[in-house]
Amino acid sequence: MLLNFCTAKPPTKSILVIDDDLPTLDMLKSSLTRNGYTVDTAQSGEEALKKNKSNGYNIILTDIQMPGISGIQILKHLKNDEDPTRVIGMSGTPWLLDQKNFDAVLSKPCTLNELKDTIARVITN
């Protein structure tokens, strides 16, 4: 992944990033924070659901394949609770996902420009 990208105007949206891979989680948090987002992280679906209930976020960026509660289960939980949080799924096999349920799906790995553009699109829709 590329590590530098710029935005014309810093966004003010809060994002919860969920990934069981700590280096990926750290890189995403660092990159998104540098670009003006308020970022929180979770290494599991269980932790993510607790944080979302306590804090609430504008966007959840989640890995799909994780031990325990998966990204798909997180999405289903949010939809069942009628939670308005927008959800972006990340997967190494995005073509296997039912993409209509996610607000967006990213291939893993992706460039940070792709990530930035996807978040911007989800925020404005």
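Buried residues account for 44% of the 125 residues in this protein chain, and the model is a predicted one. As for contacts with a separation of 6 or more, 64% of them link residues 24 or more positions apart.

The chain has four helices and five strands, running β-α-β-α-β-α-β-β-α along the sequence.

On to the nonpolar cores. The largest one has 19 residues, and Leu32, Leu61 and Leu115 touch the most other members.

| Element | Residues |
|---|---|
| Strand E1 | 14-18 |
| Helix H1 | 22-34 |
| Strand E3 | 59-63 |
| Strand E4 | 86-91 |
| Strand E5 | 104-107 |
| Helix H4 | 112-124 |

A second, separate core holds 15 residues, including Ile18, Ala48, Leu49 and Tyr57. Back to Leu32: setting aside neighbours within four places in sequence, Leu32 is in contact with Ile15, Val17, Tyr37, Val39, Leu61, Leu115 and Ile119.

Helix H3 (residues 71-80) is worth a look too. Its buried residues are Gly71, Ile74, Leu75 and Leu78. Viewed down the axis of H3, these buried residues fall within an arc of 100°, so they line one face of the helix. Just after H3, Glu82 has a positive phi of about 55°.

Note on methods
Residues numbered from 1 in each chain as written. Predicted model: local features only at pLDDT ≥ 70, side-chain atom pairs only at ≥ 80, totals over all residues. Heavy atoms only, no water. Helix = DSSP H or I, 4+ residues; strand = E, 2+ residues; numbered from the N terminus. Buried < 20%, exposed > 50% of the residue type's maximum accessible area, 1.4 Å probe, protein only. Contact = heavy atoms within 4.5 Å. Core = buried A, V, L, I, M, F, W, Y, C linked by side-chain atoms within 4.5 Å. Arc of directions from axis to C-beta.
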